[in-house]
Amino acid sequence: MLPSMRINAIKQKLVENGSVSVVDLAKEFKVSEETVRRDLGKLEKEGIATKNYGGAILADDMENVKYPSSRQRVEQDAQEKLLIADAAAAMVREDSVVLLDSGSTTRILAEKLRTFNRLTVLTNNLDIALICSEMPNWNLYLMGGYLLRKSMCFIDAHGRSSLENIFVDIGFIGCSGITYPTGLCCWDIYEAPNKRAMIKASDKVVVLADHTKFNKRGLGNFASFDDIDEIITGREVDRGILKEIQQGTNVKMSLV
């Protein structure tokens, strides 16, 4: 296993379990305990871990990256997500080619788009695909791969390769956190490569993010502000980061 892959795996264990042991990690990854300590030192410098005797714990300000269930995410700030989905649906035209990334707000958007008779939809999310499959005149493409059950999202190179020769009019992208000047991040480091591929395939990239996503970090950074065109969010968004994005980037900020 490459060092970068090992470190990513340790990140994931920290998020899922809250702590890790040097001895256990050394046995699992078949490396020396000193190598594990160096890995944990790197994660501590990144602000992800806090080293302690025998291992490390998830840093205090990273506690908010623990992944909620799909149901919990749909229920959180539901009214705001409905307004965001309404604004996103208004950007779509009949016969458009639309990409719907995995996410609670994009799932609501899929329901909103059912007013259209003809669409071509690409998605990496099983729940969204099931919603779209009920529309007889739509063309539906499901990006395959390994299913992350906690998000009902497919990942891996097979899904990314399906986007290589596809042109998408508009891609609606979800995220777990937005920070300035870093950009966008996701809960799961293994989702990041697929999100980059979806952004690359989209002529216009629109991020759907409720106000709670701002000033929040995740484990996998997948886009800078230069990679996206617009962010649709709620009016309760923190005014500090809103001003930073408006003044420091060319991203359109749409408040609903």
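Helices (H or I, at least four residues) and strands (E, at least two) are DSSP runs, numbered from the N terminus. The model shown here is predicted, so that local features need pLDDT of at least 70 and side-chain atom pairs count only at pLDDT 80 or more, while totals for chains, interfaces and linings use all residues. Residues are numbered from 1 along each chain as its sequence is written, and side-chain values use heavy atoms, with hydrogens and water left out.

View 1. A pocket is an open set of points on a 1 Å grid over the protein atoms alone, where a 1.4 Å probe fits and protein lies on both sides within 12 Å along at least five of seven lines; its lining residues have an atom within 4 Å of a point. The volume, which is the space filled by probe spheres set on points joined across faces, edges and corners, is about 260 Å³ for the second largest pocket. Of the 15 residues that line this pocket, Met-5, Asn-8, Ile-189, Tyr-190 and Pro-193 lie nearest its centre. Helices α1 (3–17) and α9 (192–201) each give at least two residues to the lining, and the largest share, four residues, belongs to α1.

View 2. Two strands are said to pair if DSSP finds at least two bridges between them. In this open sheet the strands follow the order β1-β3-β2, with antiparallel pairing. The edges are formed by β1 (19–21) and β2 (49–52), each of which has a single partner strand, so one side of each is left without a neighbour in the sheet. Between β2 and β3 (residues 55–58) the antiparallel pairing runs over four bridges, and Ala-49 has Leu-58 in β3 as its bridge partner.

View 3. With a disulfide taken as a pair of cysteine sulfur atoms within 2.5 Å, the structure holds zero disulfides. For Cys-153, the nearest cysteine sulfur is that of Cys-186, at 9.1 Å, whereas for Cys-185 it is that of Cys-175, at 6.8 Å. Buried here means under 20% relative accessible area, computed with a 1.4 Å probe on protein chains only; Cys-153 is buried at 1%, and Cys-185 is buried at 3%.

**View 4. Ile-155 in strand β8.** Ile-155 belongs to strand β8 (residues 153–155), and with a relative accessibility of 8% Ile-155 counts as buried. Ile-155 and Leu-184 stand 29 residues apart in sequence, and their C-alpha atoms are 18 Å apart in space.

Note on methods:
Buried means under 20% relative accessible area, exposed over 50%, partly exposed in between (1.4 Å probe, protein chains only).
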